[in-house]
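This briefing is for a reader meeting the structure for the first time. Please look over the sequence and the model before going on to the notes.

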Amino acid sequence: MARCLPAVIAVALLSAGCARVAPYARGRLAHPSMDPSADQGPGRAGLHAVQEGAIGGVGTRTSGCGCN
Amino acid sequence: MALPNPAPARLRRLSYAALLIGATVNAQAPPSPDPSAVRWDGSAEVSGYHDSDHVTVFTPAARARARTPSGWSASGGYLIDIVSAASVDIVSTASPRWTEVRHAANLGAGYDDGVTGLAATGVASMEPDYVSWSAGLQLSRAFADKHARLSLGYGYQRNIAGRTGTPFAVYALRSDRHTVDARLELVLGPATTLTPGLDVMFESGRQEKPYRWLPVFDDETADRVPPGASIELVDRLRLPGRMAERLPDRRRRVAASARLAHRFRRSTLVLWERAYADGWGMLANTTDARWVFDVAPRLSVWPALRLHNQSAVTFWRRAYVGRFQDGRVDVPSFRTGDREHGRLWTATLGAGVAVEPARDSRLSLQLDGAYTEFPDTLYIDHRWATFVVAGFSTRFR
């Protein structure tokens, strides 16, 4: 049970945190700065891929390189 | 006798003129966008990187996408990496500065009707001594009245590393990567989204770098090699000759991430966190934050912060020990000199500005400064770096 506790807490928080938002009330969600694609361009993505041992988590596909 | 006041007549003439001008301007105004027209997005960026280890990278990139009103889309992109390096790893093997150019191109196609989406991508990357190509498929579906969107993806990547001037048929190290990822975008409120994600990667094949040669030390001297030991000290203490890098043939990686975005009245806060673990024993966490402030209707500025911290892979050694046995040197099965396999932490601070000179056009500039500490590596124990990226994006029908 102790192992499942973080997952249970996460699901409970998400369930409690979700609020119904009508389509006409989503103007702020549609602001360009909220768009995940604005987080990083190809240059920055390549830099992080080369200089950090960890990869993943950004949802974009890149090619490999022999950069380092 | 009072003279007639000419003002009303003049006003009338002015009103007619204003109406005429208004009618002319209206007639010359561009028609409102045709909803049945194809919508185009285009973007270009130029980035530059330089660090205290004498590595410079210049990367121009461009991308375009077309979308039809029915939901079909096609995209393409191209980038060039121009790398010039005289890093301490190169100098330590008595090699001169080298400059290399990488070309990478991607193509994509997809369909999204607002509820269900399907996208396919292909990427190819070429260098004189390295070829990589990948393909991916992503399926997404919105549910709960578009309060949640689940995306599932699969990607395959093939890498071939060789040596410049030697055909791949003669010498090549091949490796593969399979990636499965899932992401769930949740609308938490009228201004907040949360996107947890999970990426699982399976890698197999030869991943070591053909040019990476490592110094070897005997039992007694290995402990006397301090972190950041200079090239001269390493050359004085090491055994004759160097050994090639060798990595395990299989690696499983898992990255769990979450992105929280909140739009305030005149600013947007984006927080991103990643926890990472892999089968080589590396653990890492990365935090990325950006707070965009609208300082004028078409002008925004932001500070940015990124913190990355990782442990070393289990077979990492600052100084590998070699033993002479029967006329040959016995060295550890797995060994690496890649600092990104060792323990390190990086702090990056940045600031950016974006202007919109016209509707649907955007110019941006961001400047970052980064400090990386390598507590357990040879030659250098830290690195300073600057990164600047200038971008332009536009959309039209």
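This is a predicted model: local features need pLDDT of at least 70, side-chain atom pairs count only at pLDDT 80 or more; totals for chains, interfaces and linings use all residues.

The predictor gives the complex an ipTM of 0.83, along with a pTM of 0.87. Chain A and chain B touch through 36 residues of chain A and 63 residues of chain B.

**Confidence**

- The average pLDDT of chain B is 90, and 92% of its residues score at least 70.
- Residues 14-29 of chain B have a pLDDT below 50.

**Contact between chain A and chain B**

- Chain A contributes 36 residues to the contact, and chain B contributes 63 residues.
- On the side of chain A that touches chain B, at least two residues come from helix H1 (5-17) of chain A, and at least two from helix H2 (42-51) of chain A.
- H2(A) gives the most to that side of chain A, supplying six residues.
- Sorted by class, the side of chain A that touches chain B consists of 14 nonpolar, 16 polar and six charged residues.

**The open sheet of chain B**

- Three strands of chain B form an open sheet in the order S11-S10-S16, and their pairing is mixed.
- Strand S11 (242-244) and strand S16 (320-321) of chain B are the edge strands, each of which pairs on one side only.
- Strand S10 (residues 213-217) of chain B runs parallel to S16(B), and two bridges join them.
- B:Phe217 has B:Val321 in S16(B) as its bridge partner.

- Eleven bridges pair strand S19 (residues 344-355) of chain B with strand S20 (residues 361-373) of chain B in the antiparallel sense.
- Opposite B:Ala347 stands B:Tyr371 in S20(B).
- The hairpin of S19(B) and S20(B) has five residues between the strands. In this hairpin, B:Asp360 takes a positive phi near 70°.
- S20(B) is also joined to strand S21 (residues 382-396) of chain B, here by 13 bridges, and these two strands run antiparallel.
- B:Gly369 has B:Thr386 in S21(B) standing opposite.

Technical notes: Residues are numbered from 1 along each chain as its sequence is written. Chains are lettered from A and ligands numbered from 1 in the order in which they are written. Two residues are in contact if their C-beta atoms, placed from the backbone, lie within 7 Å. Helices (H or I, at least four residues) and strands (E, at least two) are DSSP runs, numbered from the N terminus. Ala, Val, Leu, Ile, Met, Phe, Trp, Tyr, Cys and Pro count as nonpolar, Asp, Glu, Lys and Arg as charged, and the others, Gly among them, as polar. Two strands pair if DSSP finds at least two bridges between them. pLDDT is the predictor's confidence in each residue, from 0 to 100.
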